[in-house]
Amino acid sequence: MSTGTDNWGQVEAAAKFVLGEAVVALIEKCRREPHGESQLIAVLHKVQSQYGYLSETHLDAVAQLMQVPAATVSGVASFYHFFRLQPRGKFVINVCLGTACYVKGADRVAQKVIDELGITWGETSKDGVFTLEAARCLGTCGLAPVVMIGDEIHGDVTPDQVPALLGKYLKKAKQRS
Amino acid sequence: MGKKKQKISLKIDDVAIQVDAGTTIMDAAENLGIRIPRLCYHPDLSLAGSCRVCIVDVKGMGYYLAACSSQVWEGMEVQTNSPEIRQARRDIVELLCDNHNMDCQTCERDGHCELQNLAYSMGVRARHFAGKRKRLPLEMSSHSVVRDSEKCVLCGRCVRVCAEIQGVHNLSQHGRGFTTVVGPAHMANMDDSVCIQCGQCINVCPTAAFLEKRGSSAVWEAIANPEMHVVVQTAPSIRAAIGEGFGLPPGTPATGQMVTALRRLGFDRVFDTDFGADLTIIEEAHEFLTRLKEGPLPMITSCSPGWVSFMEKFYPELIPHASTCRSPMSMLSVLSKTYYAEKMGIDPKKIFMVAVMPCVAKKFEARRPEHYMADGTPYTDTVLTTRELIWMIKCYGINFTALPPGEFDAPLGLASGAGDIFGITGGVMEATLRAASELVTGKPADRLDFTEVRDVRGLRETYVAIGDRSIHVGVANGLTNAKLLLDRIKGGEEFHVIEVMACPGGCCGGGGQPYPPEGVKVLDVDWLFRRGKALYTIDSGKTLRKSYENPAIEEVYSSYLGGPGTEKAHELLHTHYQARQPRGVR
């Protein structure tokens, strides 16, 4: 029924462009199977592994190609802790809140990071450099309190050291870009 | 299947009872006259079991079961009432209240609130658990529906009605635990979502987490302004439901009192949307005749703005099938600011057009750019829901039931019975058939009642003989039902006319209609049908029952429009639609 009012072709093409070949292939495989829509979480995992996080554009595209309502897709994505709805920063800061680190003042270190960056747990700084995450023991209790930035471990961190530490990585991020 | 249902014996409050296997504890108790309190449960929606208000004590279980979602088993012993269970229920409701905006006195639903009623009947008389309360902003982006998440109790009825009855799936619970919020995808504004503004979320919400956007302030202001000529029109289904707001039984026609009440409120003219409906019928019948020759068929009615939005977001490929006729409301508004304004010598800018509608989507329709004059004057200034009008009448201190009956004003207040039945599912179809059969055959119709399309239930189809042609007609209300018909059309099945009304029961079950009293379920089919019956009674009691025999309509055509389907009629009485984003998933 070609009538000039149907925008499906446009919607579908935009969705495929946003998700890229690999994700589209997975969705098409799911759709060939019975109850393909029940593979929603698997598809979201794939999108996140490919793009680092789930943007609204990604979620809308998944909704259209899987023909699962967008509200359901975003409801699922926002429910599970594993799914990230914001892009990850260049450096992920993992503040250990395990018992040893906590006893040695990790909460004050964490608060300093939060104050410095103006973000809270799970969020990414506006400049896209840092994402703040909480860790439950990094296995280096001897160095407590421990902060992991990127893949580097920093031990015996005090709140006072936080600004300089962040500054170092900020500089690195600038050099990289 | 086909096997006789197994019977289950159990005891509820020490009384032995036998019920069919698969019965829930709640339904079994109902058989004994025990009404277990409930909140998230709605018989027409899927089970959620989330509120835990309906918990009962089942012997040997060690924890309480939700009666709505637990099926009976052989030998089960249920206690629905004990000091412990009452205490537990009271605590549950009290905890709901503690995380709720308790500004009852300033809330629109004060006195009609299920949470209030529940708290009262559970015996919540003091507050023991003051703790953290969610703070969330009021979401006012939509012209029709306001979302107030602070009043949400997360029962999920809106999520389910939107998905299961309307097939829109606009709402979902987002996040988890204490921070869970109900909203559209990505917690976007309602205005940026696939919401079709039908307002069924408002109807099923036990509190005021969803409400219509208020229109009464602008109306009070216009009435108080001596410069303005304030005109009101009332939709067919208002007269069938407004009485409920003043204690009259459902289905009591209250046309006369309604008209008098509107005059007392200070409206300068009281017109009848039924007149617009008569006009719609004639334009639509002519359009249908053209389509019979030239296509595309089927023609789908376009009076229901919720349905129109649904089409634009979910089935844009069917737009060429939608009748181009403006809705009765918009036709009457257009004529008020053109024909009537010229006739009376009033500047259209000085006319303030108020439309009382059973519908919140009409608030959106009125703001569509197609329904503005070239100079930016809106044809319809403000839309009020039935609920809002009831409140205004109460606010004004009018004793509604004691009012003497009044009559609509000329020239846009005279309407045929065909206009009245527009307010119930199947009514637009019946009115169209009345007109089309005579237009096709050129002879008076052998009947006026097409009872085969009279049913409040969701989906009907039939063949009607018009002249030597057999016309395949379909009627749907509730958009999940409409989807079934639309998919058949897309599959190539031949239909000639389809009537779609977005709301269950049609306008009688609109998103702006009075809340049912305590104990009556929302969207109760019998309740809606009683409202519909009032319209059929009004119709059959009129001598004028065919739209094209309406002398006021003849006058408009002969002195102003030049006849049905003319260029002027097209310019003033027809409209157009467009595919919209975000596109819904069907």
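The residues lining the second largest pocket divide into 11 nonpolar, 12 polar and six charged. Here Ala, Val, Leu, Ile, Met, Phe, Trp, Tyr, Cys and Pro count as nonpolar, Asp, Glu, Lys and Arg as charged, and the others, Gly among them, as polar. This is a predicted model, in which local features need pLDDT of at least 70, side-chain atom pairs count only at pLDDT 80 or more, and totals for chains, interfaces and linings use all residues. Residues are numbered from 1 along each chain as its sequence is written, chains are lettered from A and ligands numbered from 1 in the order in which they are written, and side-chain values use heavy atoms, with hydrogens and water left out.

**Pockets**

- The second largest pocket holds about 870 Å³ of space. A pocket is an open set of points, on a 1 Å grid over the protein atoms alone, with protein on both sides within 12 Å along at least five of seven lines; lining residues have an atom within 4 Å of a point. Grid points are joined across faces, edges and corners, and a volume is the space filled by probe spheres set on the points.
- Its lining has 29 residues, and Ser78(A), His81(A), Phe83(A), Arg84(A) and Leu85(A) lie nearest the centre.
- Helix H3 (56–66), helix H4 (70–79) and strand E2 (130–135) of chain A each give at least two residues to that lining. Helices (H or I, at least four residues) and strands (E, at least two) are DSSP runs, numbered from the N terminus.
- The largest pocket has a volume of about 1,300 Å³. It is lined by 47 residues, with Arg109(B), His112(B), Tyr515(B), Pro516(B) and Pro517(B) closest to its centre.
- Chain B elements that each supply at least two residues of the largest pocket's lining are helix H1 (25–31), helix H3 (114–122), strand E10 (210–212) and helix H13 (386–395).
- By class, the largest pocket's lining has 18 nonpolar, 12 polar and 17 charged residues.

**Cavities**

- The whole structure has seven cavities of 30 Å³ or more. A cavity is a set of grid points where a 1.4 Å probe fits but cannot get out.
- The largest cavity contains about 270 Å³ of space.
- Its lining counts 26 residues, and Cys303(B), Ser304(B), Pro305(B), Lys362(B) and Cys507(B) are nearest its centre.
- Helix H10 (305–314), helix H11 (328–344), helix H12 (361–366) and strand E18 (497–501) of chain B each provide at least two lining residues of the largest cavity.
- That lining divides into 18 nonpolar, seven polar and one charged residues.

**The interface of chains A and B**

- Each side is counted by contact (heavy atoms within 4.5 Å). Chain B gives 24 residues and chain A gives 24 residues.
- The two chains bury about 1,900 Å² between them, 57% of it on carbon and sulfur atoms. Buried area is the accessible area (1.4 Å probe) that two parts lose on being put together, summed over both.
- One salt bridge is counted between chain B and chain A. A salt bridge is a side-chain nitrogen of Lys or Arg within 4 Å of a carboxyl oxygen of Asp or Glu.
- Arg583(B) and Asp6(A) meet in a salt bridge through their side chains (3.0 Å, N to O).
- On the side of chain B that touches chain A, strand E8 (residues 172–174) of chain B gives the most, with three residues.
- That side of chain B has eight nonpolar, 10 polar and six charged residues.

**Salt bridges overall**

- Over all chains, the structure holds 49 salt bridges.
- One of them joins Arg239(B) and Asp272(B), whose closest N and O atoms are 2.6 Å apart.
- Arg239(B) lies in helix H7 (residues 238–241) and Asp272(B) in strand E12 (residues 269–272) of chain B, so this pair ties together parts that are 33 residues apart in sequence.

**Backbone details**

- Gly295(B) and Pro296(B) are joined by a cis peptide bond, with omega about -5°.
- Leu297(B) and Pro298(B) are also joined by a cis peptide bond, with omega about -5°.
- Pro296(B) lies in the loop between helix H9 (273–294) and strand E13 (299–300) of chain B.
- His35(A) is not a glycine, yet has a positive phi of about 55°. His35(A) sits in the loop between helix H1 (8–32) and helix H2 (40–51) of chain A.
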